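Could you walk me through this model stop by stop? I have it open in my viewer and would like to know what to select next and what is there.

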Amino acid sequence: MGLLYLGTPLTWDEAKQYADHVREHGITQFLYTWDRVKDRWGDELLWGDEVEYMVVTFDDKEKNAKLSLRQTEILAKLSQVVGDLTDDDTPALMTVPTFHPEYGRYMLESTPGSPYTGSIPDLLSVETNMHYRRTLAKRHLKANEIPFTFTSFPRLGTHGIFTEPHFSSDDAKSSHSLFLPDEITNPHARFPTLTANIRSRRGSKVAINLPIFIDEKTPRPFVDPTIPWQRSIYQEDPEAKNGAALIDHIYLDAMGFGMGCCCLQLTFQSCNVDEARRMYDALIPVGPIMLALTAASPAWRGYLADVDCRWNVIAGSVDDRTPEERGLRPSKDNYTIPKSRYDSVDLYIANNWTNKPEYNDAPVPYNKGIFQRLRNHGIDEILAKHVAHLFIRDPLVIFSETINQDDTTSNDHFENIQSTNWQTLRFKPPPPNSPIGWRVEFRSMEVQMTDFENAAFAVFIVLLSRAILAFNLNFYIPISKVDQNMARAQKRDAARSGKFYFRKDVLPPGHDTLTISPLSCSGSSSPVEGAPAKEKLLRNCFPPVPRPSCVADGPIEDEYEEMTVEEIFVGKGSKFPGLLGVVEAYIDTLDVDEEDRLQINKYLDLVRRRAIGTDIIFFLFRCALTSVLGSLQTPATWIRNFVRSHPSYNRDSVVSQEINYDLMVAVDEIERGVRRVPELLPEDYTPTNGYHSKPNSP
């Protein structure tokens, strides 16, 4: 969550008059940034994580776990505490962390106090850092409050009391929701304004419908008895009975259902703009796979859903497209926008020969005037189209005090639109007057219950990002197939039973093995008897592979095939060693001592065990090769099984107050290491004060 302005937000009727002004000056600001940093080169790898928490309060007498709406008070306390901390108060190799507000008034966001570098000690400090942030937050909550890294609260929006304090949705003046009170939203003016302006621009409330999980006693057809069908307070109240709420689905009608979810995000600084574009493209096909592997949200508004992930809920919760833009009514020139402004990436943007035009095969509307302006300024066609596509969107929140800005020193109008295009990845130009370079943000993963899991996936992704660059790997498949993968990733048990499109041959042309690129900037590597010395740092600045003089380009359709998640991670055929294979090969190029390698292997084993199938004979064979014990469930599968095996569950898809209470108690016990769940976590899992790697020797 970026800087929150103090000012006067404009209603939608007021803001839309300035939409073109914001777009025009946003592009001007981008061009000033481009001219200033387009040739910037040589930035080291710096990276960080963002972990989001929901604070839950426990009423043991009533057996009710509720969302605590004390974000403002908690953050004020944490800000004071963190401000008083010194490096002597923090664990080794760490700086004082930071905490930020989020959309939900029950949410906190935490980041490291300073970026991680490419050192092995920094890589292995991630879990320590996450654990310290959780501990610090917990230390300054009430005795009955706990910060959870939990994607979606199962009883958000149910009948009864699900927040502390309790409020009625009858007073939901921003969202007009049948289920959520305005008080679940961060009170800063940005958030209720964002909620109201999405509804106003759209011309109706948002409408999200998740298929309900059909159990033995789930009513068929399922017509939700908890929807207040006859409420008549706001003009949108009849929408539910007029078709917005679908039969056999869980109906959600407010931004809070989506933006009230928690996630895990990672941001990497690149060597230069071209390397950032390569990294952005390479991680696009990875996004859906990681969503499936981290699936953690099977319960919504008091029901089990037949999906495992949050993504479409958030996409629907901020879908501000008008009926014409959604193709529901005729429009001028038949102009439609295929996706919500929160969705999967629409365009590959690397400006090199491996990015074939055929890969960008999905319809992508873009602002032709902005596109031409960017081209006239010398920006290549691919990047110009990317920016012009982002700028088809209207700015949703404008503060009257920020309408007129100095475009040479500010990028606020650019970020107004850039930061409200919430996609699986975000390509991020350097901010003005900052030492920060070109960055890529990886956004698809669901947050996990424990710091160990979150650290494992963070470590895996940063290592994968380096392997992609070091070995010049090619993960391109058509964008339309990535979109299909995003839909498949959210299905129930997708990590086990689903198949996903992935590239068959990821090696550079003419290569049969993984070969590291030579150093493209000053570094410590030097040839030793014909072989490069092992690197002490994860780094940037790997040169791209030049186009060979002769490349046999066959049909695009022959470049990819459907694979299981297991095949994607452990490999298939001689040309695809699997994501874990390329990561392990990359680690072999690093100067890592045995103890550190064992810790990295613990993280990779979690990823591996999530990915492998449940066939006993197969995984025993695999076990012999990898020293793992078998497959592990996703959090979504574990949560669903917990609910269905609860003594009070009636086989009717309902997550009752008692079940939810016991679930949250169990998750807390899992995180603290009190409850053993070998089907979810390694048998030797214990919450940690952190593994401490020895600093690199000079």
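## The whole chain

The chain has 698 residues and a radius of gyration of 25 Å, which agrees with the value near 26 Å that a compact globule would have. That radius is taken over C-alpha atoms, and the globule rule is 2.2 Å times the number of residues to the power 0.38. This is a predicted model, in which local features need pLDDT of at least 70 and side-chain atom pairs count only at pLDDT 80 or more, while totals for chains, interfaces and linings use all residues. Residues are numbered from 1 along each chain as its sequence is written, and side-chain values use heavy atoms, with hydrogens and water left out.

Zoom out first. Along the principal axes, the C-alpha atoms fill a box of roughly 80 × 60 × 55 Å. Show the cartoon, and the chain has 23 helices and 19 strands; these are DSSP runs numbered from the N terminus, with helices (H or I) of at least four residues and strands (E) of at least two.

The accessible surface is about 26600 Å², and carbon and sulfur atoms account for 51% of it; areas come from the Shrake-Rupley method with a 1.4 Å probe, and for residues only the protein chains shown count as cover. Of the 698 residues, 60% are buried, where buried means under 20% relative accessible area, exposed over 50% and partly exposed in between (1.4 Å probe, protein chains only).

Contacts (heavy atoms within 4.5 Å) show how the chain folds back on itself. Taking those between residues at least 6 apart in sequence, 78% join residues at least 24 apart.

## Colour by confidence

Colour by pLDDT, the predictor's confidence in each residue from 0 to 100. The mean is 93, and 92% of the residues reach 70 or more. Residues 520-529 fall below 50, and this stretch has 17 contacts in the model beyond near neighbours in sequence. Select residues 615-628 as well: pLDDT stays under 50 there, with 16 contacts beyond four places in sequence.

## Helix H13

Next, select residues 381-390. How many of the ten residues of helix H13 are buried? Seven are, so the helix is largely enclosed by the rest of the structure. They are Leu383, Ala384, His386, Val387, Ala388, His389 and Leu390.

At the N-terminal end, Asp380 caps H13, with a side-chain oxygen 3.2 Å from the backbone nitrogen of Ile382.

Tyr280 is buried, at 0% relative accessible area. Beyond four places in sequence, its contacts include His386, Gln423, Leu425, Arg426 and Val345. Val345 is 65 residues away in sequence, and the two C-alpha atoms are 9.8 Å apart.

Arg443 is the next stop, in the loop between strand E15 (439-442) and helix H15 (451-470). Is Arg443 buried or exposed? With 4% relative accessibility, Arg443 counts as buried. Its side chain reaches the backbone oxygen of Gln423 at 2.8 Å, a polar contact if N or O atoms lie within 3.5 Å, one able to donate a hydrogen and the other to accept it, with residues adjacent in sequence counting only if both atoms are side-chain atoms. Among the residues that Arg443 contacts beyond four places in sequence are Trp311, Tyr342, Trp422 and Leu425.

## The cysteines

Show the cysteine side chains. The structure holds one disulfide, a pair of cysteine sulfur atoms within 2.5 Å. Cys271 and Cys541 form this link, S to S 2.2 Å. Cys271 sits in the loop between strand E9 (264-269) and H9, and Cys541, 270 residues apart from it, in the loop between strands E18 (531-532) and E19 (560-564). The link is right-handed, with 95 degrees about the S-S bond, and both cysteines are buried.

Then look at Cys262, whose sulfur is 7.5 Å from the closest cysteine sulfur, in Cys261, too far for a bond. Cys262 is buried, at 0% relative accessible area. Cys263 is in no disulfide either, the nearest cysteine sulfur being that of Cys262, 7.6 Å away. Cys263 is buried too, at 6%.

## A last stop

Finish at Ser125, in the loop between helices H4 (120-123) and H5 (126-139). Ser125 has 5% relative accessibility and counts as buried. Its C-alpha atom is 7.9 Å from that of Met94, 31 residues apart along the chain.
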